Amino acid sequence: MVPGGRALRGADAGLRRAARRRRRGRRVPALAPPGPQLRPLRRARAARRGGSLRPPRRHRPAGDPRGAGARPRRPRGGRRARRPAGRRGRQLVGRLQPGAQRLRRAAPRARPPDPARPLSGARGGPGAAEPRRSAHGGAFRALLLRRRARQRLRRTHRRRRAAPSLRRRHGGPGRARPGGLPARRGFPRRPGRHARGQRHRARLRPAGDAGGRGAAHRGRAVAAGGGRVSATLRTPADLAGAGLIGVAEAAALAPVAERYAVAVSPAMAALIDPADPADPIARQFVPRPAELDRRPEELEDPIGDAAHSPVPGIVHRYPDRALLTLLYVCPVYCRFCFRRERVGPGADAVLPPDRIAAALDYIAGQPAIWEVILTGGDPLALSPRRIADVMARLAAMPHVRIVRFHTRVPVVTPEAVTPELVAALGASGKTTYVGLHCNHPRELTAAAREACGRLLDAGLALVSQTVLLRGVNDDAETLATLMRAFVELRIRPYYLHHGDLAPGTAHLRVPLAEGQALMRALRGRVSGLCQPTYVLDIPGGHGKVPVGPGYIADGAVTDPWGASHAYEG
């Protein structure tokens, strides 16, 4: 610590009292060097001399013979004369106070002003005079500097609490990592990639992606979570490590994973029951060997997108609306996807910027386009910044009034629906719809409902899209529960899609007659608010048509329970 702390505090108090007297207009007594400012050794010597404190040489009168040189020494053997008791210094509260004679010697004296000194700085310029500074102000600044130094020393050596233990990305406790906070805060971390000179290139990362980490790292993340998946599962080995399939089954699924992309998000993996071989969530996301069985009627492009694509990224099948496909990656990959031959990680997974610009220019040049539908892939796998850029371009097109996003993100990765993403979906003068793809009531978890609520509370309209799948929702009770859940969440039931003729999906398709019977049962079971439109995309790119049950034939009408009634009109 700084020696003489008590002396500094006493001097500070005296200076503060002098400042208060000056502000009140009262006379300020002469500034005398207080005894406690002396060093301890000099103070002890002064006490032995009987309290006579010799002032510093700068405070001696001009005519003092001791000012020019060294003070005369007392001859050896001489006897020091004792001073009267009145002149002896008094000791109060442990401090030596100077006598009257010493105070007179220390009184300030008039002195000639200092000569002007030339300055070479930018402010004063050559020849500028240095402003006079009072000795009182200089002493006060010196005391302030010493006090600040003392405070910094105390702060440096102050005991601090240890930093809290670091946690992993999903909240679990984790061991200390390089770059973590030390026990004493305030020290810089190790330099990042940019500071070390490593090149960093921005790349697209779908929601729930594990980044560039390999299967071994993801397997360790699953094992560390005690069965709770903390990263997207992308290989059969990942699925086996999470306990969703057997180890022997993983080897049989390797050819399937090589042909079609695999991705199961942590939210969906948590819903799968490994003990249930007919689990409806597993049937949607976990690959099966049956996917390698291809029927003659199945097509690589079952709904004919390529036939209606004037420029890359655009499908213009209907006059007043167009599809805008910015990417072909998803946070999860459904086993029944009609674009399964196209989607997945790869060189052409994301549309390059020049092609995105060309696609937007095409929409700007077609005044008949009233609605733009962003699809993929999953458009909400893009960053909020890129979505906002596209929405800004669409906002500048007066003929585009509706923007729709087809997505699974609120259900499969609800944590990705951040306030930044929600804000990016809106645009001035446009109405935004979100088409939510959900096939089973169990997918609507509490987190998924909160994510949908964030979209709805921001003023976005939500509609549902459901695919009729064997072993997932091919019974009236499951469909009724799902549609009621949509309505309760303020999501309008929109489409119930008949399965497309995508390769390797025959084990999931439901015959058209069964789908019509389910729609008839749904009509007599739930409210009209819960009735989706059962539609079929005609193979070859000929459009989408409703294929629900018919109720009138040969002068008779059939009620929802199958009874026929005569009707003429």
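Colleague: Accessible areas come from the Shrake-Rupley method with a 1.4 Å probe, and for residues only the protein chains shown count as cover; how much of the accessible surface of the protein chain belongs to carbon and sulfur atoms?

Modeller: This is a predicted model, in which local features need pLDDT of at least 70 and side-chain atom pairs count only at pLDDT 80 or more, while totals for chains, interfaces and linings use all residues. Residues are numbered from 1 along each chain as its sequence is written, and side-chain values use heavy atoms, with hydrogens and water left out. Of an accessible surface of about 33100 Å² for the protein chain, the share that belongs to carbon and sulfur atoms is 53%.

Colleague: What percentage of the residues in the protein chain is buried?

Modeller: A residue is called buried when its relative accessible area is under 20% (1.4 Å probe, protein chains only). Among the 569 residues of the protein chain, the buried share is 39%.

Colleague: Among contacts between residues at least 6 apart in sequence, what percentage joins residues at least 24 apart?

Modeller: A contact here means heavy atoms within 4.5 Å. When the contacts in the protein chain between residues at least 6 apart are taken, the part joining residues at least 24 apart is 70%.

Colleague: Which residue stands opposite Ile552?

Modeller: The protein chain has 16 helices (H or I runs in DSSP, at least four residues) and 14 strands (E runs, at least two), and three of these strands form an open sheet in the order β12-β13-β14, with antiparallel pairing. Strands pair if DSSP finds at least two bridges between them, and β12 (552-553), an edge strand like β14 (564-566), is joined by two bridges to β13 (residues 556-558). In β13, the residue opposite Ile552 is Val557.

How values were computed: Buried means under 20% relative accessible area, exposed over 50%, partly exposed in between (1.4 Å probe, protein chains only). Accessible areas come from the Shrake-Rupley method with a 1.4 Å probe; for residues, only the protein chains shown count as cover.
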